[in-house]
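Dear colleague,

I am handing over the structure below, and I would be grateful if you could read the notes that follow alongside it.

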Amino acid sequence: MGCEFCEQDGGAVLWRDAFCRIVRAAYEDYPGFCRVILNRHVREMTDLPESERDRMMHAVFACEQVLRELYRPEKVNLASLGNQVPHLHWHVLALFADDAHFPDTVWSAARRSGARRAAVSDAALGARLRGVLG
Ligand SMILES: [Zn+2]
């Protein structure tokens, strides 16, 4: 069985190192929707040794910090689901009160047609991530 995140980046790559990558998910209504994806195929956080769990969360929190700085969102959501793609990844979402789903999750039914928001460029997100993560 093929794995989407082993075969593809999973979005526009903003930052990567030998361990994981941070990509922007392709949802035009949610320009602050990123994913932190482990490079190798692992199913659950507890399959990683503790040092690698910490390394993964360091990247997740760096992504949250950068989204907060550049989007000033109402709320950030962090989610690790992997029900459809069981390859370890975290969703990091900058949300606003006038989004289509807010205050529900983006995976819920939409409540309204959401406001369009200008996207921070991939280059700007990547530069800030490199500033935080090296
Ligand atoms: Zn995989």
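In these notes a residue counts as buried under 20% relative accessible area, as exposed over 50%, and as partly exposed in between, with a 1.4 Å probe and protein chains only. By that rule Pro103, which has a relative accessible area of 55%, is exposed.

This is a predicted model, in which local features need pLDDT of at least 70 and side-chain atom pairs count only at pLDDT 80 or more, while totals for chains, interfaces and linings use all residues. Residues are numbered from 1 along each chain as its sequence is written, and side-chain values use heavy atoms, with hydrogens and water left out.

Metal site

The zinc ion is coordinated by Cys3 through SG, Cys6 through SG, His41 through ND1 and His87 through ND1, at 2.0 to 2.3 Å. Donors here are N, O and S atoms within 2.8 Å of the metal (3.2 Å for Na, K and Ca), and since water is not among the atoms, sites may look incomplete. The arrangement is tetrahedral because the 4 donor atoms around the zinc ion subtend angles of 106 to 118°; four donors count as tetrahedral if all angles lie between 85 and 135 degrees. Along the sequence, the donor residues of the zinc ion follow the spacing C-x2-C-x34-H-x45-H. Cys3, in the segment before α1 (4–7), and His87, in the loop between β4 (75–79) and β5 (89–95), lie 84 residues apart, and this pair links distant parts of the chain. Helices (H or I, at least four residues) and strands (E, at least two) are DSSP runs, numbered from the N terminus.

Cys3 and His87 are both buried, with a relative accessible area of 12% for Cys3. Cys6, which is placed in helix α1, is partly exposed, with a relative accessible area of 45%. From Cys6 to Ser121 the C-alpha to C-alpha distance is 25 Å, and the two are 115 residues apart in sequence.

Cysteines and disulfides

With a disulfide taken as a pair of cysteine sulfur atoms within 2.5 Å, the count comes to 0 disulfides. Cys20 is accordingly in no disulfide, and the nearest cysteine sulfur, that of Cys63, is 9.9 Å away. Cys20 is buried, with a relative accessible area of 2%.

Helix packing

Helix α2 (residues 50–71) and helix α3 (residues 122–133) have axes that come within 10 Å and cross at roughly 130°. Axes are lines fitted to C-alpha atoms, for helices over the stretch in contact, and angles run from 0 to 180 degrees between N-to-C directions. The helices α2 and α3 are therefore oblique to each other, given that angles under 35 degrees count as roughly parallel, over 145 as roughly antiparallel, 65 to 115 as roughly perpendicular and the rest as oblique.

Backbone and loops

The peptide bond from Phe102 to Pro103 is cis, with omega near 5°, and Pro103 is placed in the loop between β5 and α3. Although Pro103 and Lys75 are 28 residues apart along the chain, their C-alpha atoms are separated by 9.4 Å.

Arg72 is not a glycine, yet it has a positive phi of about 50°; Arg72 is placed in the loop between α2 and β4 and, at 65% relative accessibility, counts as exposed. Pro73 is also found in the loop between α2 and β4, but Pro73 is buried, with a relative accessible area of 18%. Between Pro73 and Ala62 there are 15 Å in space, C-alpha to C-alpha, and the two are 11 residues apart in sequence.

Finally, Arg24 is found in strand β2 (residues 20–24) and is buried, with a relative accessible area of 11%. The C-alpha atoms of Arg24 and Ala12 are separated by 5.2 Å, with the two residues 12 apart along the chain.

With kind regards

Notes: Tetrahedral: all angles 85-135°; square planar, octahedral: opposite > 155°, others 65-115°.
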